[in-house]
Amino acid sequence: MNDPRSIRIHYLLRAVILLGFALYIGHLSQQDALHYYVAPKLARWIRLCPVPLSLMAASLGLQALFGKSSALCDCEHQLPRSPLRSSALYGLFLFPLLLGFLLPDRALGSEAAARKGISLTYALPETGREERFTAVNPYQAEFAELAGKLYKQPVINVHPEIFSETFGAIDLYKKQFEGKEISVSGFLYREQRAGSYIYAVSRFLVQCCTADATPFGILLDPQTQISLPADTWIEVRGKLHAAVFENEEIVMITPESLTPISQPSTPYVYTSADSIAALEQLPVSRAENEGK
Amino acid sequence: MTTLLPFKIMPLLVPAVFLIILGMVWLPDHPELLDNAYMDTFKTSFIGILLEALPFVLLGALLSSLLRVFVPDEWISRWIPRRPVPAILFGCLLGIIFPVCECGMIPLVRRLMHKGMPLYVAVVFILSGPILNPVVYGATLTAFRSHPWLAYARMGLAFAVAAGIGLIIYATVRKSPLRLSIKRETAEPHQLRTRGGRLVSVLVHTSDEFFEMGKYLIIGCLLTSGIQTFMNHGSLAAIGEQPLGSYLFMIGLAFVLSLCSTSDAFVAATFLHTFPAGSLLAFMVLGPMLDFKNSLMLLSLFKTRFAMYLFFLIFSAVFIGSVLASLWL
């Protein structure tokens, strides 16, 4: 059992660490950098965390400074006794704070996409082996309706808000979209396959946090000459084509223009509960004006 | 007390040794590991997983402290049915009332056990809670919109595995496998002597729990993000080609990825083309019950021997269950 003096020191150290976490989260949300790490629906909860964290820090501080010595007891949760173990414990807690404050916030890029294996198709079970469920397939219905709405646009503008759904709809009806004009932005994914580089305009789809980030990419025609470095943010305009790449049917863009842009404020894309309603709410005029 | 020390630090020592050996074997061959792109990826996934778990850990610690300060012991034992089968059903349904992610589970369960919840009910709650709750059910259904039976199968298998393991533990384990003995706890003399009254006392306990769980959480996050940064998904997928290999592969993947139970269904859905549905089921049932992050936390709650027994039970039950389920589906 620790004596009251060392308990006070432990409590103070803990209060400082808790405050550190609260400050780090505050710093992230102030810099608008939380979305580099978690999806918006989770970020709401994380923004609330500094409240309990600082209350906890305050009450630990209160015990450390004004608590009666007789009431200070670590009989239930043992505090580490040796200096070595204490420093190991607090070092462990300081590590994420140091990492967080010292290194810049960066979005996942080509490197991570190559590790996770980029999908060039919308790999969800539209035509899976379970034929008996194709009759009730809300996905297909949603994608079909979305595809119909997209097809009416002179130039399909892939909005980041519904990136994965738009990609899914185009991928599902790739034959019908053959030759349509498209405009899409993302980071330039580069990978060496079979001796030559392949390029794709890509986005990470994040469901919950960066651990489940899945990279999606639309292949750029391998004939195109591209001299930009990997991870450059680009806007691609070009024509859609259905193609076969490594025994897979995919969609591909033959770029007409490829302009570097600055990284958007939200680099990842998220799923949308109702992509059709989302498309209607988006500034449609933007897409139409660009088409004219 | 000093003689016990090596055993007490085992849960911390083993991963540390693992990391050191990994570092010694790998680093000389891979100078690019110190390259900036790796460090950035590592940081992004590490902070991502940590931030994702943080609200749940805080919620679990807070609930546990509220229980400790405000709920008398008799309540818990009065609620829990005495006979094993109704008690196990009760344990399975508890997840619906406390939809806590697996990271928040351990502090809550420890408190419930100290308040008199029997071991087998606690284990059932730990196993079923992260899956059998409305949030996870909704997320799974969304991820498998075109294969809703996979969501039902996930719920069913999780229920069967949790209840089965609960029965086995009821029948086989007699001695308390808790790390901190309950006796030390039963005398609670200084409950009200904390300066600032009951609410401050809740907050002090919350931070005690937070630091208790936090160290395992951070180590788990470090290992998970290390694996996420350096593991190549594509090269491992070759294992999945054999019929049983795919099950083992998906189970291993669930263990090392340590995803949150609300998001793992979306990751599983991306494998639907390449892997049999049964192995995806194994992925989605094992992951929330047992993964890197979680197993370190379980080791903090239970004695090593019991924890190993539990890991073995979970692994074999999920494996058998998912193979059987795939035959039937």
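I began with a rule: two strands pair if DSSP finds at least two bridges between them. Strands (E, at least two residues) and helices (H or I, at least four) are DSSP runs, numbered from the N terminus.

**Ground rules.** I noted that this is a predicted model, where local features need pLDDT of at least 70, side-chain atom pairs count only at pLDDT 80 or more, and totals for chains, interfaces and linings use all residues. Residues are numbered from 1 along each chain as its sequence is written, while chains are lettered from A and ligands numbered from 1 in the order in which they are written.

**Entry 1: strands of chain A.** I looked up strand 5 (residues 233-245) of chain A and strand 2 (residues 181-193) of chain A. They pair in the antiparallel sense, over seven bridges. Which residue of strand 5 is the bridge partner of A:Phe187? I found A:Trp233. Next I took strand 6 (residues 248-260) of chain A. It runs antiparallel to strand 5, and twelve bridges join the two.

**Entry 2: confidence in chain A.** I checked pLDDT, the predictor's confidence in each residue, from 0 to 100. Chain A averages 80, and 87% of the residues score at least 70. Where pLDDT is low, the predicted coordinates should not be read in detail.

**Entry 3: the record for chain A.** In an unreviewed entry, UniProt lists "transmembrane region" at residues 7-25, 45-66 and 87-104 of chain A. Such annotations may be inferred rather than shown by experiment. I compared two of these with the model. Residues 45-66 of chain A are 95% helix and 0% strand, with end C-alpha atoms 32 Å apart. Residues 87-104 of chain A are 89% helix and 0% strand, with end C-alpha atoms 26 Å apart.

**Entry 4: chain B.** I found 17 helices and zero strands in chain B. Of its 329 residues, 52% are buried (20 or more other C-beta atoms within 10 Å of the residue's own; 12 or fewer is exposed, and in between is partly exposed; C-beta atoms are placed from the backbone). UniProt's unreviewed entry gives "transmembrane region" for several stretches of chain B, including 119-139 and 244-260. Residues 119-139 of chain B are 76% helix, and their end C-alpha atoms are 30 Å apart. For residues 244-260 of chain B I read 82% helix and 25 Å.

**Entry 5: one tryptophan.** Is B:Trp328 buried or exposed? B:Trp328 counts as exposed because it has 8 C-beta neighbours inside 10 Å. I located B:Trp328 in helix 17 (residues 304-328) of chain B. From B:Trp328 to B:Gly278 is 50 residues in sequence, and 9.9 Å in space, C-alpha to C-alpha.

**Entry 6: one leucine.** I listed what B:Leu286 touches, not counting residues up to four places away in sequence. The residues are B:Ile251, B:Ala254, B:Phe255, B:Ile314 and B:Val318.

Key. Contact = placed C-beta atoms within 7 Å.
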